[in-house]
Amino acid sequence: MVGCSRFESDSKVLEIGTGTGYSTAVLCARLGEDNVTSIEYDEDVAGRARASLARQSMFPVVATGDGLLGRPASAPYDRVIATCGVREVPTAWIEQTRPGGLILTAIGGLLGSSELARLTVHDDGTASGPLLSGQVTFMFARPHLPPPLGLLPDLNQGKERQAVIGADALTDWTTRFVVQLAAPNAQRLTMERDGHTEDVLIDVDSGSWAAVYEDHGRWTVRQGGPDALWDAIEEHLGRWQAAGAPPLEGFKVWVTPEGQTIGW
């Protein structure tokens, strides 16, 4: 488990996502059951984990509820470890972690690129820290799952121009992560239209979309809705490339009451 080497023997830990209870058992063996609180969204899953832990004579707190809200009853914690992915780090985790404590979670986006982040909680109620390498992916916490696409917009509408960056950029893990920073609510689908393959990004919340396709070695983008998604993506990727295209382990996450920022 990444970060276990940073545990003190008396660290008090909140685990988000009990699952089978395997990682919970590892925490109990390392820290003692009195220092471990685990929260699971699904009561049936939590019940099976409790039974499995009991067979090992381990009886930590295994609560049922929304892990994004943490568990104030057992706070403050020295460590918060999430076994699910999030799009943004919940403020409740920061509020329930003592200053100097650590939060370990996978941060990702709707385009399928994510990375572990190790955040230190500060005295002012903020948290910051680096992304870690490894291309780590966990299933999203349920409230962070992508919304249904619903009825697709009319992709024949919109303004068309030559694209500076093609949709082939989305095949690279790191580049896709950077794209998600520019279009955090965009989902991707691929379809055959008019004799070519179009990569379509749709932001359900705003109604904005972009369709990108290649024709005879030239990339074209067509965009509609209130926001020009591909314009924002090209601008953000351009800044990242101008900075030397740093790897994800060169990125840092800042979380404040105003929101989350990820940069390099």
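The model described here is a predicted one, and the protein in it has 5 helices and 14 strands.

- Taken along the principal axes, the box filled by the C-alpha atoms of the protein is roughly 65 × 40 × 30 Å.
- Among contacts between residues at least 6 apart in sequence, 54% join residues that are at least 24 apart.

**Helix α4 against helix α5**

- Helix α4 spans residues 173-182 and helix α5 spans residues 229-242, and their axes come within 8 Å and cross at roughly 125 degrees.
- That angle makes α4 oblique to α5, and the crossing in which α4 passes α5 is right-handed.
- On the α4 side the contact is made by T174, T175, V178, V179, L181 and A182, while on the α5 side it is made by A232, I233, H236, L237 and W240.
- Sorted by class, the contact of α4 with α5 has 8 nonpolar and 3 polar residues, with no charged residues.

- An open sheet of 9 strands has the order β3-β2-β1-β4-β5-β6-β7-β13-β14, and its pairing is mixed.
- The edges are taken by β3 (61-64) and β14 (259-263), each of which has a single partner strand, so one side of each is left without a neighbour in the sheet.
- From one strand of this sheet to the next, the twist averages 20 degrees.
- Helix α1 (residues 22-31) packs on this sheet, where it touches β1, β2 and β4 (77-86), and its direction makes about 170 degrees with that of β1.
- Helix α4 packs on this sheet as well, touching β5, β6 and β14, and the direction of α4 makes about 60 degrees with that of β6.

- In strand β2 (residues 36-40), 5 of the 5 residues are buried, so the strand is largely enclosed by the rest of the structure.
- V36, S38 and E40 point one way from β2 whereas T37 and I39 point the other way, and all of these residues are buried.
- Strand β1 (residues 13-16) pairs with β2 in the parallel sense over 4 bridges, and E15 stands opposite S38 in β2.
- Strand β5 (residues 97-108) runs antiparallel to strand β6 (residues 114-121), and 7 bridges join the two.
- The bridge partner of G108 is S114 in β6.

- Strand β13 (residues 252-256) has one covered face, formed by V253 and V255, and an uncovered face, formed by K252, W254 and T256.
- Strand β7 (residues 127-130) and β13 run antiparallel and are joined by 4 bridges, with S128 standing opposite W254 in β13, a residue of the uncovered face.
- On pairing with β14, strand β13 again takes the antiparallel sense, here over 5 bridges, and V253, from the covered face of β13, stands opposite I262 in β14.
- Strands β13 and β14 form a hairpin that has 2 residues between them.

**The sheet of 5 strands**

- An open sheet of 5 strands, with antiparallel pairing, has the order β8-β12-β11-β10-β9.
- The edge strands of this sheet are β8 (159-162) and β9 (186-193), each of which pairs on one side only.
- Neighbouring strands of this sheet are turned against each other by 20 degrees on average when direction is ignored.
- Strand β9 and strand β10 (residues 196-203) run antiparallel and are joined by 8 bridges, and the bridge partner of A186 in β10 is D203.
- Helix α5 packs on this sheet, touching β8, β9, β10, β11 (208-215) and β12 (218-224), and the direction of α5 makes about 70 degrees with that of β11.

How values were computed:
Residues are numbered from 1 along each chain as its sequence is written. This is a predicted model: local features need pLDDT of at least 70, side-chain atom pairs count only at pLDDT 80 or more; totals for chains, interfaces and linings use all residues. Side-chain values use heavy atoms; hydrogens and water are left out. Axes are lines fitted to C-alpha atoms, for helices over the stretch in contact, and angles run from 0 to 180 degrees between N-to-C directions. Angles under 35 degrees count as roughly parallel, over 145 as roughly antiparallel, 65 to 115 as roughly perpendicular and the rest as oblique. A crossing is left-handed if the near helix is turned anticlockwise from the far one by less than a right angle, and right-handed if clockwise. Contact means heavy atoms within 4.5 Å. Ala, Val, Leu, Ile, Met, Phe, Trp, Tyr, Cys and Pro count as nonpolar, Asp, Glu, Lys and Arg as charged, and the others, Gly among them, as polar. Buried means under 20% relative accessible area, exposed over 50%, partly exposed in between (1.4 Å probe, protein chains only). Two strands pair if DSSP finds at least two bridges between them.
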